[in-house]
Amino acid sequence: NTLVGRLLVEFTHVKIIDLALIPSKQMTCTVEAYNFALCSRSLIEEVDMPILFQNEALYNMCNRLTDGKQASLRDVNALIAQVAGHLTHSHRFTRPMQPSHATIRDLLTHLLPYPRLHFITPSFAPVQPIDERYSCTPLTAMETCMAAADHNSWLVGGSEYNYDKHRLASAAIMFRGDVPTLWDITTTKLTLAFGKGGNMKTGKGVWRAMDFADPRPLIAVNSWRPSKIGDGTLFGRPPRTACLLANQTGVGKPIDKIMHAFDLMYAKRGFVHWYVGDGRPEGVFGEAREDWAASLMDYREVEGMEYWEDEE
């Protein structure tokens, strides 16, 4: 919170994007729910666009390439680095190499219809092993996008959450590598939004858009093939990759589960004395919980209370 606050003072007109790790269902630390809740001021009020990652989803994606072995932290960091590389490619490469240009401000404008509904869920595809037999197998633009939209490719929740049932406010897809043609880009947009054939009247797309939202994603293309991140990582270097960023109401579900764990501990004031002993007032816990409750209520109102109650 202190670092983000200082950035806001020093750089008043700069947009802040945060790559944030959130606790998973099987938490590695007992007080992770507290730590996440206490970041409320930074994530809800100060950061313009938090992009959320979940440890369990990251490890599950990496473990699919390890033949049953546990993936390393280097592999997880390489996967996050690929998402960050796709996010910033428009600012790191010259514009002539980009047939479809989209800056970070373009992404912010497209992805954030409301200032408080700004938590972004990322996905990445294809995740291929370093074995050259797989790395040399290219996917078409449509196959790459459909792989990114698959529930196993989401880096928050993964297969545990069915994002197809939730409502989409906006989405963006960032290609890197072999550049698809304009026809591929148009077909991909219509198929994701309206289903096979791209029929706006009768088709059903991959996601269920909000009433006011345009279901067609923003697509950015960069012809620079993504680099291999580090030595000894699992991932190969496929000729074309895609990163999908979605602003959808399904992100409220994992946050709601974290707040449930928070409520169970804080009701008994468990572990609070360690924070108080380090100089943090006990009142900040209640304030942080109120901030998250208000944010989750915003998602409930957009999604519809009926679905949340059915899930619970």
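This is a predicted model: local features need pLDDT of at least 70, side-chain atom pairs count only at pLDDT 80 or more; totals for chains, interfaces and linings use all residues.
1. Strand 7 spans residues 240–248, and nine of its nine residues are buried, so the strand is largely enclosed by the rest of the structure. Cover is present on both faces: Arg240, Ala242, Leu244, Ala246 and Gln248 lie on one side, with Thr241, Cys243, Leu245 and Asn247 on the other, and all are buried.

2. Strand 7 pairs with strand 4 (residues 167–177) in antiparallel fashion through nine bridges. Within this pairing, Thr241 of strand 7 stands opposite Arg176.

3. Strand 7 also runs antiparallel to strand 3 (residues 121–125), to which five bridges join it. Two of the facing positions may be named: Pro122 is opposite Leu245 of strand 7, and Phe124 has Cys243 of strand 7 as its bridge partner.

4. Strand 3 is itself mostly covered, with five of its five residues buried. Thr121, Ser123 and Ala125 point one way from the strand, whereas Pro122 and Phe124 point the other way, and burial applies to all of them.

5. Leu3, Leu7, Phe11 and Val14 make a nonpolar patch of about 390 Å². Val14 is located in the loop between helix 1 (2–10) and strand 1 (17–22).

Notes:
Residues are numbered from 1 along each chain as its sequence is written. Side-chain values use heavy atoms; hydrogens and water are left out. Buried means under 20% relative accessible area, exposed over 50%, partly exposed in between (1.4 Å probe, protein chains only). Helices (H or I, at least four residues) and strands (E, at least two) are DSSP runs, numbered from the N terminus. Two strands pair if DSSP finds at least two bridges between them. Patches are made of residues with over 30% relative accessible area and no salt bridge: like charges are joined within 9 Å, nonpolar side chains (Val, Leu, Ile, Met, Phe, Trp, Tyr) within 5 Å. Accessible areas come from the Shrake-Rupley method with a 1.4 Å probe; for residues, only the protein chains shown count as cover. A salt bridge is a side-chain nitrogen of Lys or Arg within 4 Å of a carboxyl oxygen of Asp or Glu.
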